[in-house]
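Student: Hey, can you walk me through this one? I'd like to get how the two chains sit together.

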Protein chains: 2
Amino acid sequence: MADPAGAPDALATMNQLLEQTIPRAHQMGVTFVELRAGYVRAEVPFEGNGNHFGVVYAGVIFTLAEVLGGALHYATFDVSTHYPLVRSMNIEFLAPGKGPLSASTALDDTEIARIRAAAVNGKVPFGLVAEVVGEDGTLIARTRGDYQIRPYGS
Amino acid sequence: MADPAGAPDALATMNQLLEQTIPRAHQMGVTFVELRAGYVRAEVPFEGNGNHFGVVYAGVIFTLAEVLGGALHYATFDVSTHYPLVRSMNIEFLAPGKGPLSASTALDDTEIARIRAAAVNGKVPFGLVAEVVGEDGTLIARTRGDYQIRPYGS
């Protein structure tokens, strides 16, 4: 799967980073499967992540959606000067997750340009909406996260 | 630690249930430490739950707060006829968690009576606010969860 843009390498690096930086998410089997500026998608298996109702546990769904913010930052902004922070998150549980799940989030070019320009001067808040879906596309959960991008040292 | 009210037994049962019903929460070391009708408190260690900033990972804090709902249900309502469900949850991250954390939530007697009376006829929504604090009492996170208590079969 050679990719002239080097996307497979970025993915492999991001998955390695996840293992090192958020071991609990890695242990759940959370894996990034698509990553580019303004877009990220991750998956989590069902095995080991169920609860007593036979559906994926709420804390796993939260984690699957939450890690997208850091990966999107990595793929979109300058990680040598800025870091991301989640301030708050709302999660709606819309249907039970009965199998492996996939979650994605995106930022459009206009919003990316706004954040990049503002971040030169300091902290910049931005919102991310993520959707968690089952294998058949059923919407399992939706999150709305309030993030900040911050220059190192702030 | 003999307790005439039998609280240690209820606690031990609840911790055993957590291990069986939400293995991922148990693996994080989430443990119930206080449990009575209308009140529950749980703790989680720092070890193994940190992230790359050296603070407790957001998904662990969410899980610590989220499991309180099920335990409160167990300690307060009739588990032979009704089960709890989380519909949505908002979590604010207010300060970094740099050590073991404790989370608690409560329902007052008036609200418990209202829910019990209404639950005879079907699903009843109720809200729970939980606070997550550090060892020195610093407020680390606050969650506001929308739950339902539902009769089995509904």
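**Where the chains meet**

Tutor: Start with one pair: A:Ile91 stands opposite B:Met89, which lies in strand 3 of chain B. Strands here are DSSP runs of E, at least two residues, and helices are runs of H or I, at least four residues, both numbered from the N terminus. This is a predicted model, where local features need pLDDT of at least 70 and side-chain atom pairs count only at pLDDT 80 or more, while totals for chains, interfaces and linings use all residues. Residues are numbered from 1 along each chain as its sequence is written, chains are lettered from A and ligands numbered from 1 in the order in which they are written, and side-chain values use heavy atoms, leaving out hydrogens and water.

Student: What stands opposite A:Asn90?

Tutor: That's B:Asn90, in strand 3 of chain B. To count as paired, two strands need at least two bridges found by DSSP.

Student: How many residues are in contact?

Tutor: 32 residues of chain B are in contact with 32 residues of chain A, with contact meaning heavy atoms within 4.5 Å. The chains bury about 2,500 Å² between them, 61% of it on carbon and sulfur atoms. Buried area is the accessible area (1.4 Å probe) that two parts lose on being put together, summed over both.

Student: Which elements of chain B give two or more residues to that side?

Tutor: Helix 2 (23-27), helix 3 (58-76) and strand 3 (82-93) of chain B. Strand 3 of chain B brings the largest share, eleven residues.

Student: And how many salt bridges cross the interface?

Tutor: The rule finds zero between chain B and chain A. A salt bridge needs a side-chain nitrogen of Lys or Arg within 4 Å of a carboxyl oxygen of Asp or Glu. Over all chains, the whole structure has twelve salt bridges.

Student: Ok, which side chain meets A:Glu92 in one?

Tutor: A:Arg142 does, at 3.5 Å, N to O. A:Glu92 is in strand 3 of chain A and A:Arg142 in strand 6 of chain A, 50 residues apart, so the pair links distant parts of the chain.

Student: How do those two strands run?

Tutor: Strand 3 and strand 6 (residues 139-151) of chain A run antiparallel, joined by eleven bridges. One of the partners is A:Pro151, which bridges to A:His82.

Student: New topic: what rotation puts chain B on chain A?

Tutor: A rotation of 180° with 0.0 Å of shift along its axis, giving an RMSD of 0.0 Å. The two copies are thus related as by a two-fold rotation axis. In chain B, the C-alpha nearest the axis belongs to B:Asn90, 2.1 Å from it.

Student: Why do we say the copies meet through the same surface?

Tutor: Because 100% of the interface residues of chain B are also interface residues in chain A.

Methods
Copies are superposed by least squares on the C-alpha atoms of residues with pLDDT of at least 70 in both.
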